[in-house]
Amino acid sequence: AVEREIEVGGDSVSAYNMLGEICLTFGDTQSAGRFFRSALAIDPDHPAAKKHLAAIEDRHENPSVASL
């Protein structure tokens with residue numbers, strides 16, 4: 001349904017953000033980061049995408065925090 005929203009509606013910030021959240025749920029931070037960056041390319045101020053991307057980047061910079 002989310003991928004269909006992107007196909008039909010073009011660049012949907014909420015769809016990209018949701019796909020990022022789904023990827024995070026499955027532990028795929030690389031794909032999640034890509035989706036959050038896509039959302040932020042459309043809306044640089046999207047709060048959820050900014051928050052999630054910052055958390056991913058923080059985990060990569062400080063792996064000991066990610067295990068907490």
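**Entry 1: Cys23.** I began at Cys23 and listed its contacts (heavy atoms within 4.5 Å). Leaving out residues up to four places away in sequence, Cys23 touches Asp28, Ser31, Ala32 and Phe35.

**Entry 2: ground rules.** I noted that this is a predicted model, where local features need pLDDT of at least 70, side-chain atom pairs count only at pLDDT 80 or more, and totals for chains, interfaces and linings use all residues. Numbering runs from 1 along each chain as its sequence is written, and side-chain values use heavy atoms, with hydrogens and water left out.

**Entry 3: overall layout.** I counted five helices and zero strands in the chain. Helices here are DSSP runs of H or I with at least four residues, strands are E runs of at least two, and both are numbered from the N terminus. Along the sequence the pattern reads α-α-α-α-α. I then checked contact range: of contacts between residues at least 6 apart in sequence, 33% join residues at least 24 apart.

**Entry 4: the core.** Which residues make up the largest nonpolar core? I found 12 residues: Val13, Tyr16, Leu19, Cys23, Ala32, Phe35, Phe36, Ala39, Leu40, Ala49, Leu53 and Ile56. At least two of the core residues come from each of α2, α3 and α4. With five residues, α3 gives the most. A core is a set of buried Ala, Val, Leu, Ile, Met, Phe, Trp, Tyr and Cys residues joined through side-chain atoms within 4.5 Å. Buried means under 20% relative accessible area, exposed over 50%, partly exposed in between (1.4 Å probe, protein chains only). Of the chain's 68 residues, 32% count as buried.

**Entry 5: His46.** I located His46 in the loop between α3 (29-42) and α4 (47-61). Is His46 buried or exposed? His46 counts as buried because its relative accessibility is 16%. Beyond its neighbours within four places in sequence, His46 is in contact with Val13, Asn17 and Leu40. A polar atom of the His46 side chain lies 3.2 Å from the backbone nitrogen of Ala49.

**Entry 6: the surface.** I read off an accessible surface of about 4500 Å² for the chain, 53% of it belonging to carbon and sulfur atoms. Areas come from the Shrake-Rupley method with a 1.4 Å probe; for residues, only the protein chains shown count as cover. Met18, Ile22 and Phe26 form a nonpolar surface patch, together about 330 Å² of accessible area. I placed Phe26 in the loop between α2 (13-25) and α3. Phe26 counts as exposed because its relative accessible area is 69%.

Conventions. Polar contact = N/O pair within 3.5 Å; in protein donor to acceptor, adjacent residues only side chain to side chain. Patch = residues over 30% accessible without salt bridge, like charges linked within 9 Å, V, L, I, M, F, W, Y side chains within 5 Å. Salt bridge = Lys/Arg side-chain N within 4 Å of Asp/Glu carboxyl O.
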